[in-house]
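Visitor: I'd like to learn how to read a sheet in a model like this one. Where do we start?

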Amino acid sequence: MSTHRITVIGSALSGNKGAAAMLESAVQTLGERLGEVQFTLLSMYPEEDRAQNPYPNLEVVAADPKTLGVTINSLALAYRLLPPLRGLLRRHPAIRALADSDVLLDQGGITFTDGREKFLLYNVASILPALNLHTPVFKCAQAVGPFKNPINRIVSKIFLPKAQTLVTRGRITHEFAEGLGLTNLVAGADYAFSLEMDGTEEQGLREAGVDLDFFADGDVVGVCPSVVLQKKVEARGEDYIGQQIAFIERLRRDGKKVLLVPHSVRTGTEKTHNNDLPLCTRINDLLVPGEDVLFVDRELSSQQLRHLIGRCDLFVASRFHAMVSSLAMAVPTLVIGWSHKYREVLEMFELEEWAFGHDQLTPSYLWERFEELSSRREEVQGRLDQHLPEVKQRSLMQADLIAELVRERAALRD
């Protein structure tokens, strides 16, 4: 049986561990369904991703924004327009991977959406090379829309119909996409809900110096700040770090222990893109010292993070995939977000009331919502336990669709 080939873009192993969870879910689930699969990751952070790559069947190819936007897109266009040069063009690893792949998986978490027009060029550049090489594009579960901005609407109407399949990550996205007239839609759930742990997480955490005995007694509340939220709050002149510190100190006075955990970390850099560690370090440094706070001050794997989050009794998330991890581990969760993407996932659990926007974030409102979550913990836990199997099935469904597409392409090739 020949080896199947799949190229992935929009996710990573380093940095945002939600991206890692989506990528690793694809590697796990498609390997189970297809047998021998060779994956190629077109990576924004190739050196960091290579350093953290545990998969022998995953090749990491450089696709930082300049390389992707200029080099890979130009070569892909030349491949389409100049067939005699294809042998030469295949020397570039990204072109060779796309030409040989049965599908490109676009795992961008949120694309083609109003308010993020500065990323629109990247959204197009991510899928255009595959389109030029006639490799089907499968947009894994993600948020798209709304499409009220004329530029976003025009570009979306041109490019989103060209995808073989677009898996919507919730009701609101699905309605936005239907409103645009798209017919290539499948209603699904985030791919990271499919992530399986291998049983080595606890040992790995202890080897990384994480004190798991911290969870032995007392209620632990996980708190996951976000530099994205920090920028939005501070843009309106408010003190995000001060708000986080006040909330954590109030939890401690209330007898709770606190896990302070960044869900997006890039080792060895102070740059804040996809990196919440400098923010969390600053918050931790300003807290009153004490043994009732456990600060995760290093980059962990997506599975280790999920195991750690699952040890919490309650969780307060500001990173999307920190929320996914806590929901996947059935931990009652309060979410502070900036997009419809949070609420539509919570809707699948009938828990959308537990999300609110950064524009509502004040110390008093945050504490009020947390106290209500705490008082209704059993009710929330019941809904998580009730809906989680169905949500996981909706997530796994896209693996079935991808595997079917790959088999069809392989049959045509043979």
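Guide: With pairing: two strands pair if DSSP finds at least two bridges between them. Helices (H or I, at least four residues) and strands (E, at least two) are DSSP runs, numbered from the N terminus. Here, strand 14 and strand 15 (residues 333-337) run parallel, joined by 3 bridges. One spot to look at is A317, which stands opposite V335 in strand 15.

Visitor: What should I know about the source?

Guide: This is a predicted model, where local features need pLDDT of at least 70, side-chain atom pairs count only at pLDDT 80 or more, and totals for chains, interfaces and linings use all residues. Residues are numbered from 1 along each chain as its sequence is written, and side-chain values use heavy atoms, with hydrogens and water left out.

Visitor: In what order do the 6 strands of the open sheet lie?

Guide: Go 13-11-10-14-15-16, with parallel pairing. Strand 13 (293-295) and strand 16 (355-357) are the edges, each pairing on one side only.

Visitor: How many bridges join strand 10 to strand 14?

Guide: 4, and these strands run parallel; V223 has V316 as its bridge partner in strand 14. Strand 10 (residues 220-224) also has 4 bridges to strand 11 (residues 257-260), again parallel, and G222 is partnered there by L259.

Visitor: Which way do the side chains of strand 14 point?

Guide: First, buried means under 20% relative accessible area, exposed over 50%, partly exposed in between (1.4 Å probe, protein chains only). In strand 14 (residues 314-317), L314 and V316 point one way, F315 and A317 the other, and all are buried.
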